[in-house]
Amino acid sequence: MKLACNGGPAIRTPDKAATWPIWGDAERKYLNDVLESGVWSYNGPFEKRMLGAWKAYVGTEHALAVANGTVSLQLALEALDIGWGDEVILPGVTWQATAACVLDVNAVPVLVDVEPDTWCIDPAKVEAAITDKTKAIIVVHLYGNMPDMDRISAIARDRSIPVIEDCAHQHGAEWRGKRAGNLGTVGSFSLQLSKVLTAGEGGLLTTNDADLWTRLDALRNCGRRPVVDDPDETKGAGAYKTEGDLVQSGNYRITEFQAAVVLGALDRIDDQIVLRERNGRAMDRVLDGVGGLEPMKRDERQTRRSYFNYAFRFDGDTFAGGGVSIDRFRTALSAELGVEFDPCYEPLNDCTLYRPLTKQRYRISDEHVRAIDPSRFSLPVSERTYAQTSVTTHHSFLMGDESSVEDFSAAIEKIAANADELR
Ligand SMILES: Cc1ncc(COP(=O)(O)O)c(C=O)c1O
C-alpha cells in the first residue's frame, strides 16, 4: 500500500487527534468567579489556593506564580544573586529560554553536552565544565526523561553549587519518589499552552528555602516586600513595605484568571499523567520490536514520567535495511498518523532562536562577547541527536485511547514495509 506522504491512504486522520488543552466545568465556574469578583490581578484568592495546592503537589515548603517559564528561570538566577562574571551550566539540548535567562542576568551560559539515551545533561560533562566562576547548574527534565539526579545532586553538593530544575516539561514527574521541582535548590515550571499543566501562559517556582522564596516573592513584584499579617491580605494584592530591605525588580506577576485555570487543571493532572504513561509504555513496547528504532532509556530511579513530548530514537543505517533519511521517516510517520513528528530542539551552539550576539545589551565587553558566543561549545551528541536520531511528538498523542497505539504500530510497520518509497 502506498505511503500517505506519497498520496496513499493514511492510517489515522487528523480529526482523530486528541485535543489540547482540556478544560471543564470547574474552570468555567472559577473564571466566572474571578470575572465577577473584580480581583483580576495578583495575590488574589485563586492564586493563593492554587499555590497552596501546587506546593502540596510538588512537596516543597514554598511556591510562587510568575508570568511565564522564562522569567521564572531568570528570577531564580537573580534570587541566587547570579550576575556579571558568573557562569551557569546548562544542557545543549533544550528550549532557548534555559540559556536566554542566563544572558538576561549578564552571566555566561556554559553549554554542556547531553547523554545519547536521555538527551538530558551528562553529569560527567557537567563536572568537567565546572570552574571557580560556576554559580549554578540548570538541569532540564526534557520531554519524558530526567537527567541522573543522583550524580548531579552529588556534584552540586560537593561544590556547594545550587541546582535549578527547569521542569517546564515535567510537571508531576518523580525521581526516587520525589517530585520534579523538589530535587534541587529551586524548581521552575512553564504554564504555556503546549505544556502538561497550562493557563495559556504563566510560570511557577518551588523551593524549600524560605529566604530564597522571600527574595523571589519580591523579585516577581517590583521589589516589594509584603507586610506580614496584613489584615487585608485575603482581598488581593495586600500591603507592602515601602522602605528598608527592598530590591530592584519589575513586574513578573500572574493574574487571577491564570491561577483559576491552573487550579481547575490540577484536579485532572494525575489521571492525565497515568494515561500518558500507559500509552507511552505501550509505544515503547512497539519500538522494542522494530530494528532501527529505540525507545528512550527508562532509568528505574525515575519513578514517574510526565511527558511534554513523546520521544524516541531512529537509526538510519539499520531501519528497514538502511538508506531512509530521518527527515523522510518523520514526514512519513506524520502523514500516516495525522500529527507532527519533529526533531528535538536544535542544539544551542547553533540554534535559530539563540543568537546572543545579535543584541547590543549583551555586548558588555570583548571578553563577555567571546564567552557568550555559543559556537565556542562542542556538543557532538546534541548535534547528532538533532540531525540524525531524534523523533518527538506532542504529549496529546499519548492522550488517545488504545487505537492510537495500534495506529502507531501499524504506521511504523507500513513505513518499514514500504521503505523503498522513501529511499
Ligand atoms: C525546557 C523549557 N524551559 C523553559 C521554557 C519557557 O517557558 P515559557 O514558554 O513559559 O516562557 C520552555 C517553554 O517552551 C521550555 O520548553
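The legends below describe close-up views of a predicted model.

**View 1. The two domains of the protein chain.** The protein chain is divided into domain 1, which covers residues 25–268, and domain 2, which is made up of 269–350 together with 361–422. The C-alpha centres of domain 1 and domain 2 are 26 Å apart, and 39 residues of domain 1 are in contact with 38 residues of domain 2.

**View 2. The side of domain 1 that touches domain 2.** Helix H4 (97–104), strand S3 (108–112), strand S6 (174–175) and helix H8 (256–266) each contribute at least two residues to this side of domain 1, with the largest share, three residues, coming from S3. Sorted by class, the side of domain 1 that touches domain 2 holds 19 nonpolar, 13 polar and seven charged residues.

**View 3. The crossing of helices H10 and H13.** Helix H10 (residues 326–337) and helix H13 (residues 402–417) have axes that come within 10 Å and cross at roughly 135 degrees, which makes H10 oblique to H13. The crossing in which H10 passes H13 is right-handed.

**View 4. The residues that join H10 to H13.** On the H10 side, Phe329, Ala332, Leu333, Glu336 and Leu337 meet Asp407, Phe408, Ala411, Lys414 and Ile415 of H13. By class, this contact of H10 with H13 comprises seven nonpolar, no polar and three charged residues.

**View 5. The surroundings of the ligand.** The ligand is surrounded by 14 residues, of which the closest are Gly69, Thr70, Trp95, Ala168 and Ser190. Within the shell around the ligand, four residues are nonpolar, nine are polar and one is charged.

Methods
Residues are numbered from 1 along each chain as its sequence is written. This is a predicted model: local features need pLDDT of at least 70, side-chain atom pairs count only at pLDDT 80 or more; totals for chains, interfaces and linings use all residues. A residue is near a molecule or strand if its C-beta atom, placed from the backbone, lies within 6 Å of it. Ala, Val, Leu, Ile, Met, Phe, Trp, Tyr, Cys and Pro count as nonpolar, Asp, Glu, Lys and Arg as charged, and the others, Gly among them, as polar. Axes are lines fitted to C-alpha atoms, for helices over the stretch in contact, and angles run from 0 to 180 degrees between N-to-C directions. Helices (H or I, at least four residues) and strands (E, at least two) are DSSP runs, numbered from the N terminus. Angles under 35 degrees count as roughly parallel, over 145 as roughly antiparallel, 65 to 115 as roughly perpendicular and the rest as oblique. A crossing is left-handed if the near helix is turned anticlockwise from the far one by less than a right angle, and right-handed if clockwise. Two residues are in contact if their C-beta atoms, placed from the backbone, lie within 7 Å. Domain bounds come from an automatic or database domain assignment.
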